[in-house]
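Have a look at the sequence and the structure first.

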Amino acid sequence: MGRQPVAVIIGMMGAGKTRVGKEVAQLMGLPFADADVEIEHEVGMRIPDYFQRYGEPSFRQVESDVINDMLHDFDGIFALGGGAPMTRSVRDGLADYIKDGGKVVYLMADPREAMERANRGGGRPMLDGDANARWKKLYRQRDPVYYRVANVHVETYGQTPLAAARKMKDMIEERTVHVTGTTIEDYDVRIGEGAMNHLAETLGDKPVRVALIHTQPVQRHSDRARTLLRKGGYEVHDILIPDAEAGKAIDVANGIWQRLGDEGFTRSDAIVGVGGGAATDLAGFVAATWMRGIRYVNCPTSLLAMVDASTGGKTGINTPQGKNLVGSFYTPAGVFADLRTLASLPNDIFIEGLGEVAKSGFIRDPEILRILESHAADLRAFDPETFLGSGLEDVVAELIERTVRVKAYHVSADLKEAGLREFLNYGHTLAHAIEKLEHFRWRHGNAVAVGCVYAAELAHLLGYIDQDLVDYHRSLLDSLGLPTSWDGASFDEVLALMHRDKKARGNKLRFVVLDRIGHPVHLDDPPADAVREAFERIRK
Ligand SMILES: NC(=O)c1ccc[n+]([C@@H]2O[C@H](COP(=O)([O-])OP(=O)(O)OC[C@H]3O[C@@H](n4cnc5c(N)ncnc54)[C@H](O)[C@@H]3O)[C@@H](O)[C@H]2O)c1
Ligand SMILES: O=C(O)C(=O)C[C@@H](O)[C@H](O)[C@H](O)COP(=O)(O)O
């Protein structure tokens with residue numbers, strides 16, 4: 001692929017495409033180009049003169065040629081004239097550009113303001129005659145086309161050009177993973193600063209009430225969600241739940257069911273979960289069970305929830321007998337991994353999330369492992385206060401996107417975990433036992449790190465992998481600040497809990513092991529002595 005614009009801006013005359021586009025280019029340190037200026041350069045005269053001399057069809061042909069050339073030969077921010085997307089060949093060019101990863105941004109300004117600005121400027125052949133009436137007619141024709149053609153929609157009502165440009169920059173830089181599947185409605189995982197801005201657009205206009213489920217440590221992020229929801233016109237019902245695993249409990253779910261009943265939640269209302277994986281697991285569980293299922297959206301705020309828990313539809317609670325023993329597969333309508341929320345995430349909880357990131361590298365995407373290796377020291381030193389705008393932010397965004405893609409790959413093909421999805425459970429057979437035996441004082445991602453080393457030892461004992469790969473598990477996880485050993489209980493206690501793992505069948509244990517990096521396999525009913533010996537090897 002050659003050069004292509006970082007973003008193409010479309011929208012009505014007067015929406016501010018040039019003004020805002022120039023600001024965006026400056027913020028991103030990129031060149032800016034305006035299609036109309038390029039056309040004037042090409043034809044050697046001003047556009048009104050060209051229109052008058054040769055007419056609109058000839059102008060549209062030149063416009064299309066110039067734009068399609070620029071789509072392959074310009075690598076900055078490119079603003080198009082208001083009428084350009086109405087030409088078929090321009091739309092085709094933009095569709096190909098999107099397929100190659102391009103961003104076509106519909107700049108949606110307040111129509112009244114845009115109309116006034118367009119009429120003030122003059123020199124617009126399309127507005128000859130009654131300018132207001134012409135503008136309104138064009139708006140009615142063009143708005144639905146812009147909306148369809150664009151893959152990024154930036155609403156700037158009442159904002160200054162700089163504020164609009166900042167918002168557009170965030171949205172251009174956003175990454176999206178599309179989750180599909182034959183048994184689910186598709187949804188997007190949006191990753192970026194400001195990703196939460198998509199809340200209302202994703203919930204749509206059906207819900208009247210929205211239950212905003214969150215924990216206390218993420219209060220400032222749920223406050224932002226509440227503001228966005230209120231702006232979207234919803235009646236917001238704030239539901240504070242106990243933090244971390246204490247929130248994943250039947251009495252918490254029961255308390256929320258009572259509130260939803262008392263506060264009149266119907267099937268068309270919705271739930272938004274804001275917080276770490278425990279909060280999003282619980283929010284999803286309540287959504288799955290209330291009236292047998294209502295719409296929900298996750299706003300994960302921990303790294304672990306962003307890369308794993310918020311996506312894929314495993315919802316649930318713990319019981320006194322073990323981790324996640326009650327729950328359902330119920331997919332969200334959208335997931336917003338807003339990187340701004342990481343600016344309050346404590347270092348140890350960030351590092352914990354790297355456990356699931358590494359797991360995804362081991363089972364599917366070796367590039368994740370390479371990124372982890374080359375940025376281990378910076379990742380380990382994660383500081384929420386300096387994170388946003390730092391070089392590390394891009395690295396973390398890339399890791400989140402890649403890990404979510406690994407998750408999407410498995411859940412799209414096998415939502416209900418008939419086989420393939422079990423690979424996401426690499427390291428979890430032991431991890432869940434550790435969490436339970438440690439009374440949930442051990443963080444999930446830390447337990448998964450130890451569990452991956454255990455699975456590697458088991459695989460090595462049974463001849464699947466060599467010692468080097470076991471050592472690599474230890475050295476990589478250790479370099480990230482993750483634990484690789486545990487000695488908190490007897491083998492018999494661990495074994496009893498591993499038999500309650502959801503992969504177990506009858507009296508037989510079932511593990512996921514690797515036979516090489518990126519290639520997991522199922523291990524059914526392994527020899528008892530290997531199961532025990534692998535455990536001895538992860539003890540301190
Ligand atoms: N459903 C799934 O597919 C899936 C996948 C992986 C993990 N999980 C579950 O997710 C849970 C682990 O998630 P977790 O690691 O996020 O733990 P967590 O939800 O317990 O959150 C960890 C702590 O960090 C706080 N926190 C979260 N975001 C914060 C922020 N931005 N600023 C300040 N504090 C913040 C939380 O309030 C909590 O105190 C486990 O229950 C695990 O079983 C589920
Ligand atoms: O999505 C999955 O499937 C996973 O197994 C992802 C795991 O990382 C996650 O911890 C999940 O909650 C484990 O689920 P469980 O079914 O083993 O309870």
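What follows covers the layout of the chain, its core and the surroundings of its ligands.

This is a predicted model, in which local features need pLDDT of at least 70, side-chain atom pairs count only at pLDDT 80 or more, and totals for chains, interfaces and linings use all residues. Residues are numbered from 1 along each chain as its sequence is written, chains are lettered from A and ligands numbered from 1 in the order in which they are written, and side-chain values use heavy atoms, with hydrogens and water left out.

**Layout and core**

- The protein chain splits into domain 1 (5-171), domain 2 (175-407) and domain 3 (426-537), with bounds taken from an automatic or database domain assignment.
- Between the C-alpha centres of domain 1 and domain 3 there are 56 Å.
- The largest nonpolar core has 85 residues, and Leu372 and Tyr454 touch the most other members.
- A nonpolar core here is a set of buried Ala, Val, Leu, Ile, Met, Phe, Trp, Tyr and Cys residues joined through side-chain atoms within 4.5 Å, where buried means under 20% relative accessible area (1.4 Å probe, protein chains only).
- Helix 20 (residues 444-461) gives this core its largest share, 11 residues; helices are DSSP runs of H or I with at least four residues, strands are E runs of at least two, and both are numbered from the N terminus.
- Domain 2 and domain 3 each supply at least three residues to this core.

**Around ligand 1**

- Ligand 1 is surrounded by 30 residues, and the closest are Asp243, Glu245, Thr301, Ser302 and Lys323; a residue is near a molecule if one of its heavy atoms lies within 4 Å of it.
- A polar side-chain atom of Thr301 sits 2.7 Å from a nitrogen atom of ligand 1, while one of Glu352 is 2.8 Å from an oxygen atom of the ligand.
- The protein covers 94% of the 850 Å² of accessible area that ligand 1 has on its own, using the Shrake-Rupley method with a 1.4 Å probe.
- Helix 12 (277-289), helix 13 (303-309), strand 13 (322-329) and helix 14 (347-363) each give two or more residues to this shell.

**Around ligand 2**

- Of the 13 residues around ligand 2, Asp308, Lys314, Lys407, Arg421 and Lys502 come nearest.
- An oxygen atom of ligand 2 lies 2.7 Å from a polar side-chain atom of Arg421.
- For Asn425, a polar side-chain atom lies 2.8 Å from an oxygen atom of ligand 2.
- Domain 2 and domain 3 each contribute at least three residues to the shell around ligand 2.

How values were computed: A polar contact is a pair of N or O atoms within 3.5 Å; within protein, one must be able to donate a hydrogen and the other to accept it, and residues adjacent in sequence count only if both atoms are side-chain atoms. Buried means under 20% relative accessible area, exposed over 50%, partly exposed in between (1.4 Å probe, protein chains only).
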